[in-house]
Amino acid sequence: MNKNFDVLIIGAGPSGCVAASYLHNKGLNVKVVEKSKFPRFVIGESLLPRSMDHFDESGLLECLIDCGFEKKYGARFLKKDLVCNFSFDDKHTDGWNWTWQVPRADFDSVLTNQLIKRGIDIEFEHGVIDIEFDELGESTTTIQNKNGDTYKIKAKYVIDSSGWGRVLPKLLDLDMPSKLENRGSIFTHIEDINRPIGNEGTQITFDVIDNNTWFWVIPFSNGITSIGFVGLSDFLNSFKGTPSEKMINLLKLSKYFYTRFNNIEFLFEPKELQNYSKSVKQFYGKGYVLTGNSAEFLDPVFSSGVAFATESALKAAKLIFKEVHNEPVDWEKEYSDYIKYGVNVFRTYVKEWYTGNLQTLFFHKPSNPLIKRQICSVLAGYVWDKTNPFVTKHDKLVKNLAYIINSEKESSKVNFSN
């Protein structure tokens with residue numbers, strides 16, 4: 001077994017696969033270790049158009065296109081009798097106008113199978129249990145296989161794409177409390193036997209129960225649909241019983257979807273995820289870099305998880321390639337500041353979603369076409385496009401526009417009452 005590599009990548013999800021594919025295509029010697037056995041269930045089933053650029057540039061797009069995954073052309077938001085539709089072909093930023101809704105077990109397996117075909121060294125059911133860096137930043141990583149046997153790998157660089165495993169944040173004490181409120185989720189899959197024909201049955205929908213609680217519906221092309229509730233942890237914990245009993249009672253909150261999903265058997269016992277928002281003290285160090293959920297996870301409301309995972313993976317891989325070829329790299333500016341910029345844009349949208357300000361903009365009638373196109377670009381993942389005022393002024397525009405809309409509503413009420 002070869003024990004010396006240019007790059008060790010921890011995790012074989014979309015982030016790890018994009019980094020591995022890019023670096024392999026550039027001629028670097030890469031090893032990927034993945035703790036799970038594939039295929040495996042994982043959440044994060046709705047992609048954003050921005051990720052299509054990453055799959056394309058890393059040479060993974062072609063193997064995905066022929067798989068028949070459900071195409072996602074936008075997103076629908078419901079709140080009581082209000083409807084807001086976003087279409088990715090009507091956005092401010094040039095770019096992909098569609099992406100996919102995917103069962104991640106199948107999607108991730110397609111990616112890893114493609115890497116294996118190309119000769120990339122991947123080990124499944126091998127987990128990192130220790131790591132040491134020398135003064136030059138080169139690492140010696142201790143890995144344990146499913147039988148409990150251990151071995152060591154030496155690498156010039158380590159990319160942690162371990163997602164929820166958060167390997168390096170745990171080993172290097174990099175975890176930091178998130179600035180977002182403690183929220184949780186409960187989710188499962190169903191065989192969608194009552195699925196309507198046409199767009200109504202295939203589009204991703206977010207059913208807003210109240211400012212803090214919402215319900216996702218993500219249909220897949222195989223007839224299965226992912227459903228899940230997100231809410232404050234205390235609220236979700238107020239529902240007692242088994243996970244299935246909790247989900248059955250939560251479904252009653254969705255007036256729009258209750259009839260469609262009532263009495264349908266869950267394909268697996270609903271899974272619960274508590275306090276999912278994560279953050280870290282730093283995104284990189286001498287000899288390593290964190291990508292995707294290993295670095296930061298905000299909230300599932302705008303499906304940003306995979307987009308950040310692939311964006312950060314491709315950026316990290318490019319910078320490592322530069323360093324290998326003795327080109328100067330400013331990791332703080334070119335990686336940390338860059339990723340944080342996009343994270344901060346999305347953080348504003350998550351925060352203002354739950355304050356209700358963003359919901360005010362979404363459901364205001366009549367909608368402003370220009371504003372809607374600019375917001376749609378953010379929802380498509382183009383959060384680094386500084387020609388978009390809803391990117392550069394994200395911390396002010398959403399709040400200020402919501403204030404104006406609400407003030408006008410109050411003013412009209414006063415005038416009407418007089």
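The model is predicted: local features need pLDDT of at least 70, side-chain atom pairs count only at pLDDT 80 or more, and totals for chains, interfaces and linings use all residues. Residues are numbered from 1 along each chain as its sequence is written, and side-chain values use heavy atoms, with hydrogens and water left out. Helices (H or I, at least four residues) and strands (E, at least two) are DSSP runs, numbered from the N terminus.

**Nonpolar cores**

- A nonpolar core is a set of buried Ala, Val, Leu, Ile, Met, Phe, Trp, Tyr and Cys residues joined through side-chain atoms within 4.5 Å. Buried means under 20% relative accessible area, exposed over 50%, and partly exposed in between (1.4 Å probe, protein chains only).
- The largest nonpolar core holds 113 residues. Those with the most contacts inside it are Leu23, Phe77, Trp100, Phe302, Trp353 and Phe362.
- A second, separate core has 16 residues, including Ile190, Leu250, Leu251 and Phe261.
- In soluble globular proteins, nonpolar side chains tend to be buried together.
- Contact means heavy atoms within 4.5 Å. Leaving aside neighbours within four places in sequence, Leu23 touches Val7, Leu28, Val30, Ile159, Ala317, Ile320 and Phe321.

**α1 against α10**

- Axes are lines fitted to C-alpha atoms, for helices over the stretch in contact, and angles run from 0 to 180 degrees between N-to-C directions.
- The axes of α1 (residues 14-25) and α10 (residues 305-324) come within 8 Å and cross at roughly 30°. The two helices are therefore roughly parallel to each other. Angles under 35 degrees count as roughly parallel, over 145 as roughly antiparallel, 65 to 115 as roughly perpendicular and the rest as oblique.
- α1 passes α10 in a right-handed crossing. A crossing is left-handed if the near helix is turned anticlockwise from the far one by less than a right angle, and right-handed if clockwise.
- On the α1 side, the contact residues include Val18, Tyr22 and Leu23. Those from α10 include Ala313, Ala317 and Phe321.
- The residues of this contact divide into 12 nonpolar, two polar and one charged. Ala, Val, Leu, Ile, Met, Phe, Trp, Tyr, Cys and Pro count as nonpolar, Asp, Glu, Lys and Arg as charged, and the others, Gly among them, as polar.

**α2 and its surroundings**

- Pro49, Ser51, Met52, His54 and Phe55 are the buried residues of α2. They pack against α1, α3 (61-65), β6 (99-101), α4 (104-117) and α10.
- The axes of α2 and α10 come within 8 Å and cross at roughly 35°. This crossing is left-handed.
- Arg50, Ser51, His54, Phe55 and Glu57 in α2 meet Val306, Ala307, Thr310, Glu311, Leu314 and Lys318 in α10. That contact comprises four nonpolar, three polar and four charged residues.

**Backbone features**

- Most residues other than glycine have a negative phi, and most peptide bonds are trans.
- Phe38 and Pro39 are joined by a cis peptide bond, with omega about -5°. Pro39 sits in the loop between β2 (30-34) and α2 (49-57).
- Lys365 to Pro366 is also cis, with omega near -5°. Pro366 is in the loop between α12 (357-363) and α13 (369-379).
- Glu125 has a positive phi near 60°. Glu125 lies in the loop between β7 (121-124) and β8 (126-133), and is partly exposed at 24% relative accessible area.
- Asn263 has a positive phi of about 70°. Asn263 lies between α9 (258-261) and β16 (271-274), in a loop, and counts as exposed at 75% relative accessibility.
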